[in-house]
Structures are given as structure tokens and as C-alpha cells.
Amino acid sequence: DAFANCDSSTSLVLGSFFTLVFTFILYIPRKVLSFGQFCEAFTEGFKSMVPAILILTLAWTLSGVCSEDYLNIGGFVSSVVNGNSMVSMLMPAIFFLIALGLAFATGTSWGTFGILIPIAVAVFGDAPNTMLVMTVAACLSGAVCGDHISPISDTTILASAGAQCNHIDHVSTQMPYALIIASISFIGFLVGGVVGSGVVALVLGIVLLVAVTLLITVRQKKNKA
């Protein structure tokens with residue numbers, strides 16, 4: 001109840017304020033930063049947050065357009081799902097692929113959350129049930145995967161910059177690992193949706209992950225031999 005009734009805007013403002021206070025106390029007296037540099041960091045911080053704020057604003061706008069007051073995408077998908085049980089079973093896997101592609105194209109996982117999760121809730125209702133939980137989980141995991149391998153993602157750019165390596169090399173070398181896990185996750189969501197059990201999906205994912213890891217290990221040993 002405490003988390004559900006919290007004011008996120010107030011929390012963010014207070015968190016930012018106390019962060020600035022502690023940063024001032026820790027850095028200014030030790031002369032790690034001058035007062036001028038400390039003040040310049042404000043504007044740099046504002047600049048770095050503008051793209052993220054714009055992405056979220058556009059995502060919320062698109063989510064609002066897709067709401068029941070306008071396009072009613074959730075209601076349309078819900079009517080299709082209710083009329084076909086097979087489509088309902090495939091929803092977790094379908095949402096996983098859509099989230100992965102959308103996050104890869106936009107370079108943001110948070111924007112993808114804002115677009116797809118309201119649609120998933122509109123399809124299955126806000127009452128907790130297995131299909132809703134798996135579909136929301138598919139949105140989260142697919143979005144994170146797409147954001148992770150996207151060459152225009154801020155986290156991917158910062159990772160390559162921090163490691164001082166070529167950006168495209170960083171993207172191309174991490175993509176095979178991410179896509180292997182994405183394939184395993186897709187199979188897990190597909191089977192879990194058909195069976196109607198998140199536990200089965202999780203167990204199957206663990207088994208496939210162990211099997212693929214052993215297979216890669218065996219192949220590496222053969223190549224070295």
C-alpha cells in the first residue's frame with residue numbers, strides 16, 4: 001500500500017535534491033570539484049536528460065493515442081484474443097517479439113514499457129492472472145533485450161565509450177549472446193503460453209540455457225583440440 005500510494009514526482013525531486021546536497025558536501029570541501037564546475041554539472045545533467053524525457057513523453061503520447069479513448073488498441077486486441085483461444089496462448093511470445101523489435105528500433109526499454117504494458121493490461125484485464133503476468137514479463141524482457149543490442153541505445157553507447165572500443169564492434173560482438181538468450185526466452189514464453197503455466201516456462205528456459213551452455217562449451221573444447 002505504501003508503494004502503491006507514493007508520489008513518484010515528489011520522490012524524484014527529493015532524491016535529486018539530497019543527491020546534490022551530498023555531492024556538494026563530499027566534493028567541494030575536498031576540492032575534487034570547484035564551485036563553478038559543480039554548477040556547470042547542473043546544465044550538463046539537464047542536457048543529458050532531455051533525450052530520455054522526450055522519448056518517455058513520446059511513448060506516453062503514443063500510449064495515450066492507443067488507449068480506449070482513441071484507437072482502443074487494447075480493446076481491439078482483446079476482442080481478437082477472446083474470439084480465438086490459440087491467439088491468447090501466443091500472446092506472451094508475440095508481445096516478446098514486438099517488444100524486442102520496438103526497443104531495438106527506438107533504443108529505449110522504458111518507452112517500450114510505456115507503450116506495450118498498458119495494451120497487455122487492456123487485453124487481459126488488470127486482475128492478476130497467469131497470462132497477464134507472462135505477457136507483462138515478455139514485454140519487460142523483450143524490451144530489455146532490444147535495448148541491450150540496439151546500436152542507438154544510450155546504455156550501449158556508454159558501454160562502448162567506457163570500454164574505449166569501436167561502437168559497432170561492441171554491438172556486433174554482444175548481439176550473438178543476447179540473441180541466444182532471446183531465442184531461449186521466446187521458446188519459454190511460447191510453451192508457457194500454450195501450457196498456461198509460468199513455472200513451466202521458467203523451468204524450460206533454465207533447462208534450455210544449461211543445454212545450450214554445455215553445447216557451446218563442448219564445441220569450444222573441440223575447436224581448441
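# A chat about an all-helix chain

Mentor: From the N terminus on, the elements of the protein chain run α-α-α-α-α-α-α-α-α. Keep in mind that this is a predicted model.

Trainee: How many helices and how many strands does that come to?

Mentor: The secondary structure of the chain comes to nine helices and zero strands.

Trainee: And what share of the residues counts as buried?

Mentor: The protein chain has 225 residues, and 27% of them count as buried.

Trainee: Let's talk cores. Which residues touch the most other members in the largest nonpolar core?

Mentor: That core has 17 residues, and F95, L116, F124 and A143 touch the most other members. Helices α4 (85-106), α5 (109-124) and α6 each supply at least two residues of this core.

Trainee: Which helix gives the most to this core?

Mentor: α5 does, with seven residues.

Trainee: What does A143 touch?

Mentor: Not counting residues up to four places away in sequence, A143 touches A99, L100, A103, S109, T112 and F113.

Trainee: Which residues is S109 in contact with?

Mentor: Leaving aside its neighbours within four places in sequence, S109 is in contact with A143, V144 and D147.

Trainee: How far is S109 from G146?

Mentor: Their C-alpha atoms are separated by 7.4 Å, and the two residues are 37 residues apart along the chain.

Trainee: Which helix holds G146, then?

Mentor: G146 is found in helix α6.

Trainee: Is G146 buried or exposed?

Mentor: G146 is buried, with a relative accessible area of 0%. Apart from neighbours within four places in sequence, G146 is in contact with L100, A103 and F104.

Trainee: Staying in α6, where does T135 sit?

Mentor: T135 is in helix α6, which covers residues 130-149.

Trainee: Why does T135 count as buried?

Mentor: Because its relative accessibility is 0%, and buried means under 20%.

Trainee: What lies 2.6 Å from a polar atom of the T135 side chain?

Mentor: The backbone oxygen of M131 lies at that distance of 2.6 Å.

Trainee: Which helices each supply at least two residues of its lining?

Mentor: They are α8 (167-195) and α9 (198-224). The largest share of the lining, six residues, comes from α9.

Trainee: Which residues line that second largest pocket?

Mentor: The lining is made of M134, I181, I184, S185, G188, F189, G198, A201, L202, G205, I206 and L209.

Trainee: How does the lining split by class?

Mentor: The lining of the second largest pocket has eight nonpolar, four polar and no charged residues.

Trainee: Let's pick I184 from that list. Which helix does I184 lie in?

Mentor: I184 lies in helix α8. I184 counts as buried because its relative accessibility is 9%.

Trainee: Which residues does I184 touch?

Mentor: Leaving out residues up to four places away in sequence, I184 touches G205, L208, L209 and V212.

Trainee: Last one. Where is the place of K31?

Mentor: K31 is in the loop between α1 (8-27) and α2 (35-65).

Trainee: Is K31 buried or exposed?

Mentor: K31 is exposed, with a relative accessible area of 74%.

Trainee: What is phi of K31?

Mentor: Phi of K31 is near 60 degrees, which is a positive value in a residue other than glycine.

How values were computed: Residues are numbered from 1 along each chain as its sequence is written. This is a predicted model: local features need pLDDT of at least 70, side-chain atom pairs count only at pLDDT 80 or more; totals for chains, interfaces and linings use all residues. Side-chain values use heavy atoms; hydrogens and water are left out. Helices (H or I, at least four residues) and strands (E, at least two) are DSSP runs, numbered from the N terminus. Buried means under 20% relative accessible area, exposed over 50%, partly exposed in between (1.4 Å probe, protein chains only). A polar contact is a pair of N or O atoms within 3.5 Å; within protein, one must be able to donate a hydrogen and the other to accept it, and residues adjacent in sequence count only if both atoms are side-chain atoms. Contact means heavy atoms within 4.5 Å. On a 1 Å grid over the protein atoms alone, a cavity is a set of points where a 1.4 Å probe fits but cannot get out, and a pocket is an open set with protein on both sides within 12 Å along at least five of seven lines; lining residues have an atom within 4 Å of a point. Ala, Val, Leu, Ile, Met, Phe, Trp, Tyr, Cys and Pro count as nonpolar, Asp, Glu, Lys and Arg as charged, and the others, Gly among them, as polar. A nonpolar core is a set of buried Ala, Val, Leu, Ile, Met, Phe, Trp, Tyr and Cys residues joined through side-chain atoms within 4.5 Å.
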